[in-house]
Amino acid sequence: MSAPRTPESLGLSRADLPNSYIGRSVPRPTARKLVEGRATYTDDVSLPRMLHAVFVRSPHAHARIASIDVARAAAAPGVVRVFTGADLAKVCDPWVATLAHLKGMKSAPQYALPLERATWQGEAVVAIVADTVAHGEDAAALVEIDWAPLPALADIETALSPETPVLHAELGDNLVFTRTADTGGVDEAFANAAHVVEATFVSGRHTGVTLEPRSILADFNRAEGMLTVWHSTQAPHMMQGVFAKQLRLPESDVRVITRDVGGSFGVKVHVYPDEMAVAAMARVLGRPVKFVADRFESFVSDIHARDHRIKGRIAVDADGRILGFDIDDLTGIGPYSVYPRTSAIEGNQVVNLCGGPYDFKHYRCTTTVVLQNKTPTCQYRAVGHPIATAVTEGLVDLAAERLGLDPIELRRRNLIRDDAYPFTSPPGMRFEGLSHHAALDKLVAMVEPEKLRAEQAALRARGVYRGLGFASFIELTNPSPFMYGIGGARISAQDGCTVRMDPDGSVVAMSGVTEQGQGTEAILAQIVAHGVGVPVERVKIVTGDTRVTPYGGGTWACRGAGIGGEAALQSAVALREQLISVAAAILQAAPETLDVAMGEIVDRASGSSRMPLAELGRLVYFRGDTLPKDAPREFVQTRHFITKDYPFAFTNGVQASWLEVDVETGLVRLLKHWVVEDCGRIVNPKLVDEQVRGGVVQGIGGALYEQCVYDAEGQLRTTTMADYLVPLAADMPDIAVGHVETPTRESLLGAKGAGEAGTAGAPAAVMNAINDALRPFGAKLFAQPFTPERILTALGRVAPR
Amino acid sequence: MKTRLDVTLTVNGERVTRSIEPRLHLIDFLRLELGLTGAHAGCEHGVCGACTVRVNGEIVRGCLTLAASLEGARVETIEGLSDSGEIRALQDAFVAHNACQCGFCTPGMLTTAADYLAQGGAADRAAIREHISGNYCRCTGYQAIVDAIEDAARRRAGGAA
């Protein structure tokens, strides 16, 4: 057992895995409670003496708070206490969301409730704590705030103009962050290129719309000095640290419990001031306080994302070789950078990711991140990827058109060769191993473009306009401390798992990664069952409790399988070895002659049963007197894992969209969508496919429907689900998913992330398909969402607004 | 709101009486008064469908229905539909196809899907997609849900379990 472990030695490379759950579509053990309505979301938890928080929110995008009169609200039925910003500042310290490795980044201190000004419409300003939500809402209407409206910063293009007021005077200007990646030689390359094409892209500001709104229940037990927070979050340990720091408690006095989470998509991995207020109010009152955002509050206070304007140019030679990209990104993030991940990462990712799938030499990309009086933006599923992919793939398609080349052919000429790895991209991203060509070949076989081209041509003759669009992409997964930790953020890139065997042979695994519907617990159970050697039904997974699970980062940036899964595998294998060593002592056999399979100690050579694990458990837990005195007795093992060789494990893939544009109405009908992606070793194929499909549909949402619409005064006009449109079943196509498997060599499991690939590539594929459909008209669209109005405007059928 | 109204109705086969505020919606009545947390409040303005429950055999939005209007009504929630075994085949299909991810929309989605099947809905993907378009799901992209309902419809048509 001293030989080094390899994927092969752990049974991960055999084509036939009779005793393995890895690579098999095992149904999720948690699905039954979901279909029977027996899950426990945060709002389903009720505690004795529980109170409810209701917030009075700013009706102005920017206004000074001249005075607040809470007297009538405080006297209203059921009201226990009313809190203002000044009240909470006594117990909850402000935070500043910057990262040291984002050079020059700045942001202003943010309080749980603002002290002097509201800086976006919907910012919580006063908190009512009452016995019921209804009483709290009644009282909220009685709070009188004397507002002195201030000019709203709504247009990112003028945010840095000298005549524009500075949002936070102490910052000096409205610039949060800027960064340029420049290989040099860009101007010369473009000057000498055979062809240069350019476009200005817009990515619509949109938001996550988790169906379960943000939810939190905080209780402070004065006798124990203990803050317990039931929280719908992706990162319980991170939140434990945040609550502890801001409320001046040791981390040991804060426990965060995360039961079932009704969708996250990045929305629930941030520090929200209203949630900090709830914890602070529980601390003051010594009673449980619950807050569940209503949908209006979700739209105005959940993070928004992707509010970018990007000018892009591509240079190609006469043979269709890409010479370079030259890109200028401008993004508005609201009045504060969001703690602790910051709101500069999205723009930074655009700089890191543009041109990502291609082998080219010259690159220049600048992001400029500015303040606005709008809802703060931060990381949302596939952070920056959909933007970078739309810009890159939009430009590649324009180049193909200029050259008269098939878009597939232009990609084949320029995608990084599958044997070129390791490879470092012009902006410095390091790729361990990708499979762009294999993925494209597989996609082309699935799509059969020549058939669709024939259909397209035949239908065009009849006035029906169909388009086929492609998008290659890369996705950043398995982040190391290079993502946040090196910038000073207390966000863990490592993760741990403790696996133990109970007396009857049951196995319990406690993991620091979390479940929001992806199937994290299912894949952990499969991995642990494989690693220990027990039936998957005998494995129970515990996540989402900072007092119980090993310290970890939670689930975000596609790290559940790649980081949490590897920690689970290593701890499970260690437990297996422990079981074998104890059994060997009892059976007086050499450890190397034994193995564990399907819940039994077996003879390694013959596979015949030597002892059920239940018997081993009985002997060790209840008849320890019968064991040799120095025999080990620990049926519990913990391992932590972090990636070490690469800052990120990149994945890759390619998508295709086939759709029809009605040139009379501007409506887009999606006919079919294809994805081939490579997320390394696949633990559960069905779960991966469903992550991809869900991600594609979220990407389509941004491309066609979803947009947080603001007026010139910074008022959000889309605050109901009837105004903010998300994809519906009737509008969505079936999505075919194929895979290439290039396991990462950084871990034994070899898994990379799969949750964001769909979202990364879908908008670009849809955009290219729309532009392909409209090619006979010479109309092109680069501003998402591609609404009927925009399509008809591009067609010249309605006048531009 | 000093006025309270007494209302007596049948929920999942049990007769319940509560004294409630007239403004209380059915979804809050179920969740807060009865502790039936299976149906969820997703938007509270009748769009997302997470609060879908059955009243007198018809599916309704729990967030748009006033509980005080339900004197004598027969209400069924996901808990009741599960305990009775009525939608067991549909639930099995949802599990088999991984037709739920976070599960927040799932009770409402299942209730709507059961309604589709109860109306004799066929294994027709377009018709299924149309019928469930009043129920939002942000996780799955809908395909697995359509697969599951199609599967259940086909099995029912074929008489298979």
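How many salt bridges does the rule find across the interface of domain 1 of chain B and domain 2 of chain B? I looked this up and the rule finds zero; a salt bridge here is a side-chain nitrogen of Lys or Arg within 4 Å of a carboxyl oxygen of Asp or Glu.

**Entry 1. Ground rules**

I note that this is a predicted model, in which local features need pLDDT of at least 70 and side-chain atom pairs count only at pLDDT 80 or more, while totals for chains, interfaces and linings use all residues. Residues are numbered from 1 along each chain as its sequence is written, chains are lettered from A and ligands numbered from 1 in the order in which they are written, and side-chain values use heavy atoms, with hydrogens and water left out.

**Entry 2. The two domains of chain B**

I looked up the domain assignment of chain B, which gives domain 1 (5-81) and domain 2 (87-158); such bounds come from an automatic or database domain assignment. Domain 1 of chain B gives 15 residues to the contact and domain 2 of chain B gives 14 residues, where contact means heavy atoms within 4.5 Å. Taken over C-alpha atoms, the centres of the two domains of chain B are 22 Å apart.

I then turned to area. The size of an interface is often given as the accessible area lost when the parts come together. Buried area is the accessible area (1.4 Å probe) that two parts lose on being put together, summed over both. For domain 1 of chain B and domain 2 of chain B this is about 1200 Å², with 62% of it on carbon and sulfur atoms. Within domain 1 of chain B, the most area is lost to domain 2 of chain B by Ile59(B), Ile78(B) and Leu81(B), together 38% of what that side buries.

I also looked for polar contacts, meaning pairs of N or O atoms within 3.5 Å; within protein, one must be able to donate a hydrogen and the other to accept it, and residues adjacent in sequence count only if both atoms are side-chain atoms. Between domain 1 of chain B and domain 2 of chain B, four residue pairs are in polar contact (both at pLDDT 80 or more).

On the side of domain 1 of chain B that touches domain 2 of chain B, strand E3 (52-55), strand E4 (58-61) and helix H2 (78-83) of chain B each supply at least two residues. Helices (H or I, at least four residues) and strands (E, at least two) are DSSP runs, numbered from the N terminus. E3(B) provides the largest share of that side, three residues.

**Entry 3. Where chain A meets chain B**

I found 50 residues of chain A in contact with 47 residues of chain B. The two chains bury about 4000 Å² between them, 53% of it on carbon and sulfur atoms. Val35(A), Leu211(A) and Ala729(A) supply 17% of the area that chain A buries against chain B, more than any other three residues.

Between chain A and chain B I noted eight salt bridges and 28 residue pairs in polar contact (both at pLDDT 80 or more). H17(A) gives the most to the side of chain A that touches chain B, with eight residues.

Which residues of chain B meet Asp734(A) in salt bridges? One is Arg129(B), at 2.7 Å from N to O, and another is Arg125(B), at 3.0 Å from N to O. Asp734(A) lies in the loop between H17 and strand E30 (735-739) of chain A and Arg125(B) in helix H5 (residues 125-131) of chain B, so this pair joins two chains. At 22% relative accessibility, Asp734(A) counts as partly exposed; buried means under 20% relative accessible area, exposed over 50%, and partly exposed in between (1.4 Å probe, protein chains only).

**Entry 4. Salt bridges within chain A**

I recorded 63 salt bridges over all chains. In one of them, the side chains of Arg255(A) and Asp545(A) meet at 2.6 Å, N to O. Arg255(A) lies in strand E12 (residues 254-257) of chain A and Asp545(A) in the loop between strand E23 (539-542) and helix H15 (560-587) of chain A, so the pair ties together parts that are 290 residues apart in sequence. Both Arg255(A) and Asp545(A) are buried.

I then looked at Arg417(A) and Asp419(A), which form a salt bridge with the closest N and O atoms 2.8 Å apart. Arg417(A) is partly exposed, at 48% relative accessible area, and Asp419(A) is exposed, at 58%.

**Entry 5. Asn771(A)**

I placed Asn771(A) in helix H18 (residues 757-773) of chain A. Asn771(A) is buried, with a relative accessible area of 9%. Leaving aside neighbours within four places in sequence, Asn771(A) is in contact with Ala779(A), Lys780(A), Leu781(A) and Phe782(A).
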